[in-house]
Amino acid sequence: MPRRKGRVLERVQLQQMLEEIHAIETFVVIEFDDVPEYQGAMLAMLEEAQEDCLQEAWELEQWWNPRLEVQNCGRSISSFEGDELRTSFRFDALHLRELMSVLDIPRFFWANHSTRRFNGEEAFLLLLRRLGGRETLVHLSAVFDRSAPALSEMYNAVLDHVYVHAAVAMGIELWEDEVDSFARALQLAGCPMANCIGFVDGTMFDIRRPTHGQESMYNGWKRKHKVKYQGVVLPNFLIGDWFGLKPGRANDAGMMGDSRLIPRLQAMQERVGRKVQLYGDAAYPECDVLYSAPKGNNISLEAATFAKTMSSYRESVEWVFGKLGEVWPFVTDVTRKVTGARATGKEDCVAAFLTNMHTCAYGGVGNSYFQTRPPTMRRYKELYARISKEIRSFLSFGQHLSFLLDPQQQQHPTVLDKSLDMAAATTTPHRSGQVTGHGSSSNNTPPFWTSHWTWQQQQQHPTVLDKSLDMAAATTTPHRFGQVTGHGSSSSNFVVQQL
């Protein structure tokens, strides 16, 4: 039973006990009036029991709705000890400052639809603390010395900022220059596939029963309401591609088609000039760039041996998903997963991105298993900032944004501008030459998003979510590299379908 629901039952039970004690006191006063010694002893016992119940009820009330007097003094990295930083914020002071620099955390954040201004360092600490635990805003008020409404505004503002990075940082195209090293690392680890560069699988998170679209969110296998995501894990133990969210009833093959991962891999294969493959379980369709485990019972001994060998390497996907839930338990807390009321997809995407940053800082179990090293946080930033800059160059070459931007936001600055401006100071040459003004490399190879651009123009109403998820359009944030649709609980409200 969730902790909050358990506390509700305790409060109800205490109230019932107080009513019973009062009834017994009335009975003792009436029935034992002629035996004053017994009456006094029983009333003393009942009074002691009543005091215990009232004390416990007061403690529950303080847990449920504590009355805190905040001074709005604010917090910084120096306000916390080293051990507390690593435990509650997942990074030590040195890596926290580096991460803030990489993510371009500003000095101040302005709250959405408000005049409040917050310190950037404090806001980022709040994001890490909330994603890294199960504390409510009321309890975080005692930590950050601010009111719960102020913390809510601060959290939404910094979540929007980090999501600008997360939306472009997890795409398989970022790693074109590393496919040779990935394939070589897997071969040295004993993988029988010569051209394998990573592993694909899906994961699910429990959600609270939605008020609308319950059938679409219900997963018959787990018999719970869930949201699903698809991830590609690379030998460096990073999430190389992230797609979601999808309703709980969606299957892996359907998500593979919606993410357009196969045509993207085929286009990448042409650009790098060598064969690349991913490996997945039997739920995925087979093609030249995706190899799946054999299906059915009538399989040869050789195929069964191959599948058993590959399963030991494919488990790395589960290791990463396990680390995601372990480092950021907020995303697995079913009491917080409320579609239609929270930016569930945005929070999950940011948590996956911060998992990559955590791996860049401290490594992971997959790095020792495959004998690989993750990139530094700054190198990782250079990779996705280069892609963001190329997108901007391509969009500026006479391409209108009518189907890229939310019509309601076309007259106002959008988060797309921020996501593209973050790479202004970072220019990295494209694979085969310098980036040109038209978004193509010097060998006249079209950029990887042009095929998807043509495909998007053929769609009258491009969308990631089906009708069953329309009810969460204002709160959930589906994401994949190549199609990002963001409508958060805060005011970002942007739609980017650039790749």
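**Close-up views of a helix pair and of salt bridges**

**View 1. Helix 4 passes helix 13 in a right-handed crossing.** A crossing is right-handed if the near helix is turned clockwise from the far one by less than a right angle, and left-handed if anticlockwise. The model is predicted: local features need pLDDT of at least 70 and side-chain atom pairs count only at pLDDT 80 or more, whereas totals for chains, interfaces and linings use all residues. Residues are numbered from 1 along each chain as its sequence is written, and side-chain values use heavy atoms, with hydrogens and water left out. Helices (H or I, at least four residues) and strands (E, at least two) are DSSP runs, numbered from the N terminus.

**View 2. His-95, Leu-99 and Val-102 of helix 4 meet Leu-354, Met-357, Ala-361 and Tyr-362 of helix 13.** By class, this contact of helix 4 with helix 13 has six nonpolar residues, one polar and no charged. Contact means heavy atoms within 4.5 Å. Ala, Val, Leu, Ile, Met, Phe, Trp, Tyr, Cys and Pro count as nonpolar, Asp, Glu, Lys and Arg as charged, and the others, Gly among them, as polar.

**View 3. Arg-386 and Asp-177 form a salt bridge through their side chains (3.7 Å, N to O).** Arg-386 belongs to helix 15 (residues 377–396) and Asp-177 to the loop between helix 7 (148–169) and helix 8 (179–188), so the pair ties together parts 209 residues apart in sequence. A salt bridge is a side-chain nitrogen of Lys or Arg within 4 Å of a carboxyl oxygen of Asp or Glu. Arg-386 is buried, at 4% relative accessible area, while Asp-177 is partly exposed, at 36%. Buried means under 20% relative accessible area, exposed over 50%, partly exposed in between (1.4 Å probe, protein chains only).

**View 4. Asp-206 forms a salt bridge with Lys-226, the closest N and O atoms being 2.2 Å apart.** Lys-226 lies in strand 5 and Asp-206 in strand 3, so the pair ties together parts 20 residues apart in sequence. Lys-226 is buried, at 7% relative accessibility, and Asp-206 is partly exposed, at 23%. Asp-206 also meets Lys-224 in a salt bridge (3.7 Å, N to O).
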